[in-house]
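Open the model in your viewer and follow the stops below. Each one says what to select and what is there.

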Amino acid sequence: MSWRGKRKDDGVRASDDESEAHAPAKKVAKPTEDSEESDDIVVCNISKNRRVSVRNWNGKIWIDIREFYVKDGKTLPGKKGISLSVDQWNTLRNHAGDIDKALSDLS
């Protein structure tokens, strides 16, 4: 098989296969910010458009530091941001003293 995938003459074509196993996946609507399904806990607003939140996403807990924007009167998450796993958050938190020292050295 080449890096481009199966060749067209492999014998089985989409029209030949009667099963529904190859049906496109159904799209699931994302919960809105007002939805009861959202597990986001906003911890603090860093600035007007930046916030820190803790969320449960795909069964894992994430610490999310993200920029937000307003569109049609709704506050939506932007692309700029970072989601830290609990292990990554603990590593960052354990190095807070080192970060503070580096800040004071540069000031």
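Start with Leu103, which sits in helix α2. Helices (H or I, at least four residues) and strands (E, at least two) are DSSP runs, numbered from the N terminus. Areas come from the Shrake-Rupley method with a 1.4 Å probe, and for residues only the protein chains shown count as cover. Helices α1 and α2 (96-106) each give at least two residues to the nonpolar patch.

**Before going on**

This is a predicted model, in which local features need pLDDT of at least 70 and side-chain atom pairs count only at pLDDT 80 or more, while totals for chains, interfaces and linings use all residues. Residues are numbered from 1 along each chain as its sequence is written, and side-chain values use heavy atoms, with hydrogens and water left out.

**Whole chain**

Zoom out. The chain has 2 helices and 4 strands, in the order β-β-β-β-α-α along the sequence. Of its 107 residues, 8% are buried. Buried means under 20% relative accessible area, exposed over 50%, and partly exposed in between (1.4 Å probe, protein chains only). The chain exposes about 10000 Å², and carbon and sulfur atoms supply 53% of that area.

Colour by pLDDT, the predictor's confidence in each residue, from 0 to 100. The chain mean is 79, and 64% of residues reach 70 or more. Now select residues 15-20: pLDDT stays under 50 there, and the model has 2 contacts beyond four places in sequence for this stretch. Contact means heavy atoms within 4.5 Å. Residues 32-37 are also below 50 in pLDDT, with 4 contacts beyond near neighbours in sequence.

**The hairpin**

Select β1 and β2. They form a hairpin with 2 residues between them. The two strands pair in the antiparallel sense over 5 bridges; strands pair if DSSP finds at least two bridges between them. Click Asn45: its bridge partner in β2 is Arg51. How many of the 7 residues of β1 are buried? The count is 0.

Val43 is in β1. Is Val43 buried or exposed? Val43 counts as exposed, because its relative accessibility is 53%. Beyond its neighbours within four places in sequence, Val43 touches Val52, Ser53 and Val54.

**Salt bridges**

Side chains of opposite charge can pair when their charged atoms come close. A salt bridge is a side-chain nitrogen of Lys or Arg within 4 Å of a carboxyl oxygen of Asp or Glu. The whole structure has 5.

Select Asp40, Arg55, Asp64 and Arg66: a network of salt bridges links them. Asp40 meets Arg55 at 3.3 Å, N to O. Asp40 lies in the segment before β1 and Arg55 in strand β2, 15 residues apart. Arg55 also meets Asp64, at 3.1 Å, N to O.

Finish back in helix α2, where Lys101 and Asp105 lie 4 residues apart, about one turn of the helix. Their salt bridge has its closest N and O atoms 3.2 Å apart. Lys101 is exposed, with a relative accessible area of 51%, and Asp105 is exposed at 53% relative accessibility.
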